[in-house]
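Here is a protein model to question.

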Amino acid sequence: MISGNPSSDRPFAGMLLMVVGIASFACMDAIVKWLTGIYPLLQVIAMRSWCGFPFLLLIVHLHGGFSRLETRRPGVHLLRFLFVLGLTSFFFWGLSKMKLADAVALTFVAPILVAILSVPLLGESVGRHRWTAILAGFAGILVMLRPGSSLFQWASVVVLLSALCYALLMVSTRRLKSTENTEALMFWPATGVAVTGLFIAPIQWVTPAAVDLLLFVAAGMFGSFGIVCLTHAFRLAQAALVSPFEYTALIWATLLGYLLWGDLPDRHTLLGASIVIASGLYILYRETLRNAEAKAGAARHRSG
């Protein structure tokens, strides 16, 4: 989840942008899955990063220019680059071995991991209601990963590692949001992955066909457009309003997976994903309620 400073005055626009952004990410994932069936993983990671970088530069230009990229915490940005590299590598590899919808469903564990990691890394407190939701979420993961299911494989573990990297990235975003601009938070990790691609791509290089090169560009475009949509969604509406629409990713992934590969998630995947989604939504509800109570308490303190 991307954090921002919502103005909360255009809720419908925020929700629409969230849905469009998530659909854009699903299109990127589908293209990446297609390309990993043709090209080496290291090359796909590198070219996806290179093709998305010009769009990222355009985003920075449109949102205030390179002055927005100044940072006081270069060491933390280096750590964030490692998280981005990890989540990209793990997810792309898992995606190449699994159904698109299955991989997306497993990533829904990320908000639950954020809630857990916020305790030791941010010093936040998690009450019994959220701990109950966390345990329920992990029960949903176990339903999906039950022996004999299509998800009972090593690729699922790798996708869960990508969700852990994403959760660490989100926790670091919370820590930096008071000192860093959104553009800097996006730009520096992406730059690190693009530079790393210069070293890893030649290890296994296959010259792409013209049509596949267009697919790489499309993947970069969809990824960058998704970031823009999500960023503006959180600026236009409250996080509690737009965040639940992240789970529409399963709808898009199921649709694309069926159209491109004839894949459909099994009933256990859908049941487990439903439990995880419900847990994530409840955690979001409790966090929103706690923030509202904190703001009300602060207002009473100032008025007193």
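Predicted model: local features only at pLDDT ≥ 70, side-chain atom pairs only at ≥ 80, totals over all residues.

Residues are numbered from 1 along each chain as its sequence is written, and side-chain values use heavy atoms, with hydrogens and water left out.

Q: What makes a run of residues count as a helix or a strand, and how many of each does the protein have?
A: Helices are DSSP runs of H or I with at least four residues; strands are runs of E with at least two, and both are numbered from the N terminus. By that rule the protein has 12 helices and 0 strands.

Q: Why does the radius of gyration agree with a compact globule?
A: The radius is taken over C-alpha atoms, and the globule rule is 2.2 Å times the number of residues to the power 0.38. For 304 residues the rule gives a value near 19 Å; the protein has 19 Å, so the two agree.

Q: What share of the residues counts as buried?
A: Buried means under 20% relative accessible area (1.4 Å probe, protein chains only). Of the 304 residues, 47% count as buried.

Q: Where does helix α5 bend?
A: The bend at a residue is the angle between axes fitted to the seven residues ending there and the seven starting there. In α5 (residues 110-122) that angle is about 30° at Ile116, and Pro120 follows within four residues. Buried residues of α5 include Leu113, Val114 and Leu117. After α5 comes Gly123, with a positive phi near 70°.

Key. Buried < 20%, exposed > 50% of the residue type's maximum accessible area, 1.4 Å probe, protein only.
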